[in-house]
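Please examine the sequence and the structure shown here before reading on.

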Amino acid sequence: MIDPTNTRWTSFESPLGQLLLTADEFGALTSLSVPGQKGGRTVQPEWRQDPGPFRAAAEQLTAYFAGELKEFHLDLRTSGTDFRERVWTALDSVPYGATTTYGEIAARIGAPRAAVRAVGGAIGANPLLVVRPCHRVIGADGSLTGYAGGLDRKVSLLTLEHALD
């Protein structure tokens with residue numbers, strides 16, 4: 001479990017608004033939240049503001065939003081159930097500029113088709129928006145279904161990646 005007293009945080013101005021990034025005491029990125037995100041993190045009194053652990057993340061986010069970076073290479077550390085961690089790992093394999101469906105993610109992790117709702121819940125709980133590309137998951141009919149950061153941000157990210165062309 002992540003010790004909140006060792007949490008470092010910083011903010012990063014982006015085309016999606018001011019992002020909140022958190023890291024553990026070892027500098028691994030533990031969350032990236034957008035303003036108004038459903039289930040997003042907010043700064044806690046025991047956290048320490050420290051931009052140091054976020055230099056690589058800031059550089060890579062800048063390059064990503066400029067259309068120059070297609071894959072993040074950051075030390076990530078999340079804390080979720082085994083099922084959520086499997087879903088989140090599957091998200092990491094969805095390439096830049098591509099989309100997949102909730103059913104395809106379920107199949108990738110070996111879950112039954114009936115698990116699509118649970119997969120959707122795990123994707124909605126993804127603590128690393130943008131970096132772990134949950135925005136690339138769409139409905140089976142091609143619809144742009146839910147995104148914890150808001151559908152307008154999902155459209156912005158998919159447009160940036162030319163996934164809606």
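Helix α1 (residues 55-65) lies across β1, β2 and β3, running at about 20 degrees to β1. Contact means heavy atoms within 4.5 Å; axes are lines fitted to C-alpha atoms, for helices over the stretch in contact, and angles run from 0 to 180 degrees between N-to-C directions. The model is predicted, with local features requiring pLDDT of at least 70 and side-chain atom pairs pLDDT 80 or more, while totals for chains, interfaces and linings use all residues. Residues are numbered from 1 along each chain as its sequence is written, and side-chain values use heavy atoms, leaving out hydrogens and water.

**Overall architecture**
- The protein chain contains 5 helices and 6 strands, these being DSSP runs numbered from the N terminus (helices: H or I, at least four residues; strands: E, at least two).
- From the N terminus, the order of elements is β-β-β-β-α-α-β-α-α-β-α.
- The C-alpha trace spans about 45 × 35 × 25 Å along its principal axes.
- For 165 residues, a compact globule would have a radius of gyration near 15 Å, and the 15 Å of the protein chain agrees; the radius is taken over C-alpha atoms, and the globule rule is 2.2 Å times the number of residues to the power 0.38.

**Sheet**
- An open sheet of 4 strands has the order β3-β2-β1-β4, with mixed pairing; two strands pair if DSSP finds at least two bridges between them.
- β3 and β4 (48-49) are the edge strands, each with a single partner strand, so one side of each has no neighbour in the sheet.
- β1 (residues 8-14) and β2 (residues 17-23) pair in the antiparallel sense over 7 bridges.
- F12 has L19 in β2 as its bridge partner.

**Pockets**
- A pocket is an open set of points on a 1 Å grid over the protein atoms alone, where a 1.4 Å probe fits, with protein on both sides within 12 Å along at least five of seven lines; lining residues have an atom within 4 Å of a point.
- The largest pocket has a volume of about 230 Å³, a volume being the space filled by probe spheres set on the points, which are joined across faces, edges and corners.
- Of its 13 lining residues, E71, F72, D92, V131 and P133 are the closest to the centre of the largest pocket.
- The second largest pocket has a volume of about 160 Å³.
- Of the 13 residues lining the second largest pocket, S31, G39, R41, A125 and P127 are the closest to its centre.
- Strand β3 (residues 29-33) contributes the largest share of that lining, 3 residues.
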